[in-house]
Amino acid sequence: MYTLLSGLYKYVFQKDEYCILILGLDNAGKTTFLEQTKTKFSRNYKGMNLSKITTTVGLNIGTIDVGKARLMFWDLGGQEELQSLWDKYYAESHGVIYVIDSTDEERLGESKNAFEKMISSEVLEGVPLLVLANKQDNENCLSVSDIKTAFSDCAPKIGKRDCLVQPCCALSGQGVNDGIEWMVKCVIRNIHRPPREKDIT
Ligand SMILES: Nc1nc2c(ncn2[C@@H]2O[C@H](COP(=O)(O)OP(=O)(O)OP(=O)(O)O)[C@@H](O)[C@H]2O)c(=O)[nH]1
Ligand SMILES: [Mg+2]
């Protein structure tokens, strides 16, 4: 009886856990996005004042539950000297959210280089990629289509893995739900894909 009840309890309440990396250049809006995500998806989370967020040295961690999935986020610092730490987390990750500052055309090339280096890692092969075109509240920002064009030569390296470029405003929360829901769907699908299919992609 105990076994039956504990099995039922686990079936109903146990979550499948997925680790999601949040990467991108410094000032892209990664920590703001994480805070906004926690506020939107955690019932009792009292969000911090977004204007008080300062540059990340090291990492921020956050967890949310979406249905039967538990997402554990690792938001890493994006400054140049911290980017060398990103790959230490690749082996553990089930998904990557890459944040781009759509108002910073000057650093778009730098962001593309960091993105290209990240997706070139064999360890991340097949892992779903959510690219956030952040700061869409600025009327002079680059559009999703501008960003896709600027990143177009990354396409062969992205290969067949799931990839979505999502317009977003981390400050207001616009695009956050859509992005997270897409990521949940993809990580679940990816983990249940037969290994042979994963090898091919
Ligand atoms: N206008 C606007 N500003 C934003 C948005 N998202 C973030 N910011 C601002 O961008 C700045 C940097 O945000 P952070 O979240 O600290 O950026 P980060 O990517 O975590 O930076 P590092 O920790 O240094 O890697 C802050 O001043 C934010 O308020 C957005 O959607 N719109
Ligand atoms: Mg940060």
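The legends below describe several views of one predicted model.

Residues are numbered from 1 along each chain as its sequence is written, and chains are lettered from A and ligands numbered from 1 in the order in which they are written. Local features in this predicted model need pLDDT of at least 70, side-chain atom pairs count only at pLDDT 80 or more, and totals for chains, interfaces and linings use all residues.

View 1. Helices (H or I, at least four residues) and strands (E, at least two) are DSSP runs, numbered from the N terminus. Starting at the N terminus, the order is α-β-α-β-β-α-β-α-β-α-α-β-α-α. The C-alpha trace spans about 65 × 45 × 30 Å along its principal axes. A compact globule of 201 residues would have a radius of gyration near 17 Å, and the chain agrees at 17 Å. This radius is taken over C-alpha atoms, and the globule rule is 2.2 Å times the number of residues to the power 0.38. Of the 201 residues, 30% are buried. Buried means 20 or more other C-beta atoms within 10 Å of the residue's own; exposed means 12 or fewer, and partly exposed is in between, with C-beta atoms placed from the backbone. Among contacts with a separation of 6 or more, 78% join residues 24 or more positions apart. Two residues are in contact if their C-beta atoms, placed from the backbone, lie within 7 Å.

**View 2. Helix α2 and its packing partners.** Helix α2 covers residues 30-41. Its 12 residues should span 16 Å at 1.5 Å a residue, and its end C-alpha atoms are 16 Å apart, which agrees. The expected span is 1.5 Å times one less than the number of residues. Buried in α2 are Lys30, Thr31, Thr32, Phe33, Leu34, Glu35, Gln36 and Thr37. These buried residues pack against the strands β1 (16-23), β2 (59-66), β3 (69-76), β4 (95-101) and β5 (129-134), and against helix α7 (176-191).

**View 3. The shell around ligand 1.** The shell holds 23 residues, of which Asp26, Gly29, Thr55, Thr56 and Gly78 come nearest. A residue is near a molecule or strand if its C-beta atom, placed from the backbone, lies within 6 Å of it. Helix α2 gives the largest share of the shell, 3 residues. By class, the shell has 7 nonpolar, 12 polar and 4 charged residues. Ala, Val, Leu, Ile, Met, Phe, Trp, Tyr, Cys and Pro count as nonpolar; Asp, Glu, Lys and Arg count as charged; the others, Gly among them, count as polar.

**View 4. Thr31 and Thr56, a "binding site" in the UniProt record.** The UniProt entry is unreviewed. Its positions follow the numbering used here, feature names are shortened, and annotations may be inferred rather than shown by experiment. The two positions span 26 residues in sequence, yet no two of their C-alpha atoms are more than 7.6 Å apart, so they gather at one spot. Thr31 lies in helix α2. Thr31 is buried, with 24 C-beta neighbours inside 10 Å. Beyond four places in sequence, Thr31 contacts Ile53, Thr56, Asn60 and Asp75. Thr56 sits in the loop between α2 and β2. Thr56 is partly exposed, with 18 other C-beta atoms within 10 Å. Outside four places in sequence, Thr56 touches Thr31, Asp75 and Gly77.

**View 5. Thr32 in helix α2.** Thr32 is buried, with 20 other C-beta atoms within 10 Å. Leaving out residues up to four places away, Thr32 touches Leu50, Ile53, Ala170 and Leu171. C-alpha to C-alpha, Thr32 and Gly173 are 9.4 Å apart in space, and 141 residues apart in sequence.
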